[in-house]
Amino acid sequence: MSNDTHRDDANPNQSASQDEPLIEGHSYDGIEEYDNPMPGWWVWLFWICVAFAPVYVLGMHVFDIIPTYEEKLASDQAELAEIRTAWEAQNPTFEVSNDAIAAFVGVEEAIAAGQQLYSANCAVCHGASGEGLIGPNLTDAYWIHGNENVDIYTVITEGVLDKGMTPWGSILAPQERSELVAYIRSIEGTNPEGAKEPQGTLYEESPAEDNEEET
Amino acid sequence: METTQPHAYRESRGELVHFDDGIVRLFVLATAIWGFVGMLVGALIALQMPFWQANLGPYLTFGRLRPLHTNAVIFAFAGNAIFAAVYYSTQRLVKARMFSDLMSRIHFWGWQTIIVSAAITLPLGITTSKEYAELEWPIDILITVIWVVFAVNFFWTLKVRREKHLYVAIWFYIATIVTVAVLHIGNSLAIPAGLFKSYPIYAGVQDAFIQWWYGHNAVAFFLTTPFLGLMYYFLPKAAERPVFSYRLSIVHFWSLVFIYIWAGPHHLNYTSIPEWAATLGMVFSVMLWMPSWGGMINGLFTLRGAWHKLRDSVVLRMYVIGITFYGMSTFEGPMLSVKTVNALSHYTDWTIGHVHAGALGWNGFMTFGMIYWLLPRLWKTKLWSPRLANAHFWIGTIGMLLYVMAMYSAGVTQGLMWRAFDEAGRLVYPDFMETVIQIVPMYWVRLIGGLMYLAGVILMLVNLFKTIATAPSKLDDSSITVS
Ligand code: HEC
Ligand code: HEM
Ligand code: HEM
């Protein structure tokens, strides 16, 4: 069982490949080596991979056939812009007006949908119940960017990048943004726990309340 | 040299060489124990992903345990396995005892000290935050010292060898020892700012370059070349067959070590490194495919005429799985490095799947095979239970398949969700959480696969300790007579 007798019980002549020559003088702790050539397919694939290198390098950095990161980014963005314009041309654009958005405000399904969107996308910055965190309190009567439906819709759409408010226009559909307005309208005046100090201008009257009074 | 001496003369000059087997036994024990610990931590972090409640206190959160897992499995499990393989096979391949028993012991205990310091400092949050090089500068210095001790001991043994030619396994060990030293020192250069804090001397993009030159070549020279050396010794030994092609081993050795060094930037595709550098990393990765497969071919073709032996030999079966997974991950790697593929795979679990196909398949199974082959030889007894070893083979293979399949499907799913646009040109999944929740079931499958793999390691530990219990009380070193 000792390893050292290993050479003797590994009779190389018994093997299926008895014609293959062994390398003379190579026996290391009983391990021998065949003098086999390298498999042809292996050599060929290796050369193909090696040949690919200059083709790719020259194609990208000299002959400009293969797009670089920046070229690819530009062409992808152009393609996306095309898709967006085409879609807008085919679909009637959502008319952004106080009345159009008001159709969502107070509607239960819209508020429920808005609430879902809110907890997924907005709660991290505006607090779970709109009390404000990084972003301002959305339940009080103070507004930085105005308190009309269109004002809120526009802030959501365009964001305030300098202050850390994300633009959602290319992420959420107009309908979804309107549902968010509906949700924000529904939590006005709830005065949740831990409410952030007021920011912006005080608006005595909420358009939402006008709505309720009318109906 | 001796071979030219007349036969009778040689006989009369016969000299008894005793090998240091004790050091190999120590490294084998450390491999198995740290393997268990490292993979236990792996299973815990695999649980933490779908079940956040498993993040316990500040010390046992995912962020701190993840580097503990990677350090434990790479440097403790794979590291000790490498040393066991080097100490066992080098002595026999060059017909000489290790140059210094003392240096071997310093290497062993020094390395375990490094591992224990990693296990203490990482959960405490002490880290350089460079992946696979998280340990702070005092530990880095200790690593350097211990590695030098290892290197001197190894090269001195080569110097006093009694075998003229160096077998291919030794070339791979040399490449490992030299390159790991260069990589470790190069990437760890830092200015200390207190005992547990330092700043790298590189900044910004340069730092990223050095880090992934290191990171990628850690894969190359810690998880690949030493394991190829291991394969070249233990596979023909276990199969009792000559190596398929000497020429192939020369060509794939030199092409592998030359090309690997340049491929690091494929870890930085689509980042702020200049694009020519990313291109360089990509084309070198593509060229790396065949040099890697050279090792696989030489391994699998060595088994020609010995395939029937797989039926009875769990060791050979483990090697076949190991080498096959090596072939798979070194096909996958070049593919992932192609920029357009990387655009999909990067930042997803596809990378994690790739990593563990290599780690569990190649490093894990080659190590297990080696341990099962060494146990009876080192402890001069029979393996306690070949059936248990067989169970390890199956549960490990199935567990590993579950792990990598889950990660491939999670990775591709998430990658496709991130880039999905609807017909209006808006993101279909603007909410990142949605793409995470989608792959949570895959995280559970990964956990099950990981636990099965871990169960296999536990079976091996039981087998190991039971085998040792039946060993003779006095273990002599093996010896050979050389002229
Ligand atoms: C990354 C943090 C962040 C996220 C996410 C975020 N916001 Fe904001 N939001 C802000 C900040 C900061 C402001 C304040 C901007 C300013 O000071 O002009 C703001 C302002 C607003 C305003 C205007 C408030 C006012 O007083 O005029 C509205 C309305 C609003 N956000 C709604 C939303 C909605 C709806 C979402 C989710 C779709 C959302 N925000 C997500 C940070 C955020
Ligand atoms: C029971 C077995 C194992 C389990 C359950 C496991 C689990 C994990 C988990 C959950 C991660 C984190 C993935 C993420 O961040 O998304 C990870 C990362 C990693 N594991 Fe394992 N692991 C196991 C075995 C191993 C082994 C044996 C090795 C190496 C020899 C290894 C090497 C790594 C590496 C290198 C990473 C980092 C990957 C990266 O950053 O891309 N793992 N492992
Ligand atoms: C030809 C051989 C290989 C090539 C070209 C290659 C290429 C790659 C590429 C492109 C990545 C992904 C980088 C990213 O998107 O972040 C990667 C990640 C990785 N690969 Fe490989 N790979 C090869 C073989 C292996 C093998 C055999 C192993 C393990 C034994 C391995 C271990 C890893 C690890 C640990 C990572 C994760 C690094 C990290 O982000 O933390 N690779 N490899």
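Biologist: How do the residues of the shell around ligand 3 divide into nonpolar, polar and charged?

Modeller: This is a predicted model, in which local features need pLDDT of at least 70 and side-chain atom pairs count only at pLDDT 80 or more, while totals for chains, interfaces and linings use all residues. Residues are numbered from 1 along each chain as its sequence is written, and chains are lettered from A and ligands numbered from 1 in the order in which they are written. Ala, Val, Leu, Ile, Met, Phe, Trp, Tyr, Cys and Pro count as nonpolar, Asp, Glu, Lys and Arg as charged, and the others, Gly among them, as polar. On that basis the shell around ligand 3 divides into 11 nonpolar, 16 polar and one charged.

Biologist: Which residues are the closest to ligand 3?

Modeller: A residue is near a molecule if its C-beta atom, placed from the backbone, lies within 6 Å of it. α11, α12 (314-337), α13 (339-345) and α14 (349-378) of chain B each supply at least two residues of this shell; helices (H or I, at least four residues) and strands (E, at least two) are DSSP runs, numbered from the N terminus. Of the 28 residues that surround ligand 3, the closest are B:Ser285, B:Gly333, B:Leu336, B:Ser337 and B:Gly358.

Biologist: Which element gives the most to the shell around ligand 2?

Modeller: Among the 23 residues around ligand 2, B:Met39, B:Gly42, B:Val73, B:Ala359 and B:Gly450 come nearest. By class the shell has 14 nonpolar, eight polar and one charged. At least two residues each come from α2 (22-48), α3, α14 and α17 (440-469) of chain B. With eight residues, the most is given by α14(B).

Biologist: Which elements give two or more residues to the shell around ligand 1?

Modeller: Ligand 1 is surrounded by 24 residues, the closest being A:Cys122, A:Cys125, A:Gly135, A:His145 and A:Met165. The elements that give two or more are, in chain A, α6 (123-126) and α7 (149-158).

Biologist: Which element supplies the largest share of the side of chain B that touches chain A?

Modeller: The contact takes 42 residues from chain B and 46 residues from chain A, where two residues are in contact if their C-beta atoms, placed from the backbone, lie within 7 Å. α3 (62-93), α8 (225-239), α9 (246-260), α10 (275-287) and α11 (289-302) of chain B each supply at least two residues. The largest share, six residues, comes from α10(B).

Biologist: Among the elements of chain A, which has the lowest mean pLDDT?

Modeller: pLDDT is the predictor's confidence in each residue, from 0 to 100. Chain A has a mean of 85, and 87% of its residues reach 70 or more. Over residues 1-16 of chain A the pLDDT is below 50. Helix α2 (residues 40-61) of chain A has the highest mean, 96, and the lowest, 39, belongs to helix α1 (residues 6-9) of chain A.
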